[in-house]
Amino acid sequence: MSPFAPEILKVPATPPESLPNFMTAAVLYGREDVRIEQVPVPRAAPGELIVEVAAALTCGTDLKVFRRGYHAKMIQPPALFGHELAGTVVEVGEGVANFALGDRVVPINSAPCGHCYFCQRAQENLCENLLFNNGAYAEFLRIPAEIVARNTLRVPAHVSLEHAALTEPLACALHGFEDSNPHPGDTVAVIGGGPLGLMMMHIAALHGCRVIAVVKHDAQAAVAKSLGAEHIVQTTQVEDAVQAVRALTPDQRGVDIAIEAVAIPETWEQAVAMVRNGGTVNFFGGPETGTKVQLDTNRLHYGDLTLKATFHHTPAICRRAFELIASGKFQAQHFITAQSPLSELNSAFAQLLDRSANNRIKTAILPEVHR
Ligand SMILES: [Zn+2]
Ligand SMILES: [Zn+2]
């Protein structure tokens, strides 16, 4: 039995007959230390839901957390782990009117407070009280009242729960794309072939943009092509990625929009160097604290560049992302490239971290519920 028993997971005196007392869950203890343990099944307080997890998706952020052992905003160990999921409502807290037992839902990983300075200005992604919910790598997950009220979506029967679980990362990508001032016909370079970079490429292609994918690995190049990228610049095969991208634009003018999705200073600088005068750069990847970049101020000013950075998502964007998945236009099946039982989460992470060795994008972690 796990010594880990956070406040929210206290076992109730009389659990409902339908739910077991204990469940299998992944607990993050620190750097590369995630253990699969038995923990108490959470119970729904007023306003909350308990969701039986159908699938939880691995995410670049989770891998980052796995390597670093923490995430300043999202998660501090020891803690239940995982945040992209969809499932079925198995317990409804007092006072919840909009969801019922058996509903198929996507509970998003966060909810804004709705009343702070940022929320009042429709910048809920910057909410001062952003509430994060972790614990998707488990059989059951408690959904806090704020997320039930503001950021839980019902999944129609024609959408698979695995695909619906892509809503949160897609919302991040969609937010970044919409923030980049895109127009159909624009040439968009996306640097980075991780899950979010690939999503960004796919969204841009669906929007009618010409996409140049700047990626490292063969597998990423292949996926980028199938998601609609017109040109691939593979960084291992060119001397200068910036020149290679510019060469694909008329008069080597540069791209209309450059989106950085790697999160290192070198690629932030490349994004600025490959955009055309009057174009927009989106620093979408979140580098480590303390990271600095060097930018040519003359170019920024006289080139009339717009520099943007986009973090996280808002409830409205989550809804649009979900609609894109439900519409069938977004090719969700390309993004979930493997399935793994919860008990093998560590080896699933190890495989995802070894990007050159396989073509995995996201792995669906499937709990084995014994009921
Ligand atoms: Zn994520
Ligand atoms: Zn707020």
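Two strands are said to pair if DSSP finds at least two bridges between them, strands (E, at least two residues) and helices (H or I, at least four residues) being DSSP runs numbered from the N terminus. The views show a predicted model, in which local features need pLDDT of at least 70, side-chain atom pairs count only at pLDDT 80 or more, and totals for chains, interfaces and linings use all residues. Residues are numbered from 1 along each chain as its sequence is written, chains are lettered from A and ligands numbered from 1 in the order in which they are written, and side-chain values use heavy atoms, with hydrogens and water left out.

**View 1. Strand 9 beside strand 3.** Strand 3 (residues 49–57) pairs with strand 9 in the antiparallel sense over four bridges, and Glu-52 stands opposite Phe-140 in strand 9. From strand 9 (residues 140–143), Phe-140 and Arg-142 point one way while Leu-141 and Ile-143 point the other way, and all are buried (under 20% relative accessible area, with a 1.4 Å probe and protein chains only).

**View 2. The site of the zinc ion (ligand 2).** Cys-113, Cys-116, Cys-119 and Cys-127 each give an SG atom as donor, at 2.3 to 2.4 Å from the zinc ion; donors are N, O and S atoms within 2.8 Å of the metal (3.2 Å for Na, K and Ca), and because water is not among the atoms, sites may look incomplete. The donor residues follow the spacing C-x2-C-x2-C-x7-C in sequence. The angles among the four donor atoms are 101 to 117°, and the site is tetrahedral, a term used for four donors if all angles lie between 85 and 135 degrees.

View 3. Cys-113 counts as buried because its relative accessibility is 14%, and Cys-119 counts as buried at 10%.

How values were computed. Tetrahedral: all angles 85-135°; square planar, octahedral: opposite > 155°, others 65-115°. Buried < 20%, exposed > 50% of the residue type's maximum accessible area, 1.4 Å probe, protein only.
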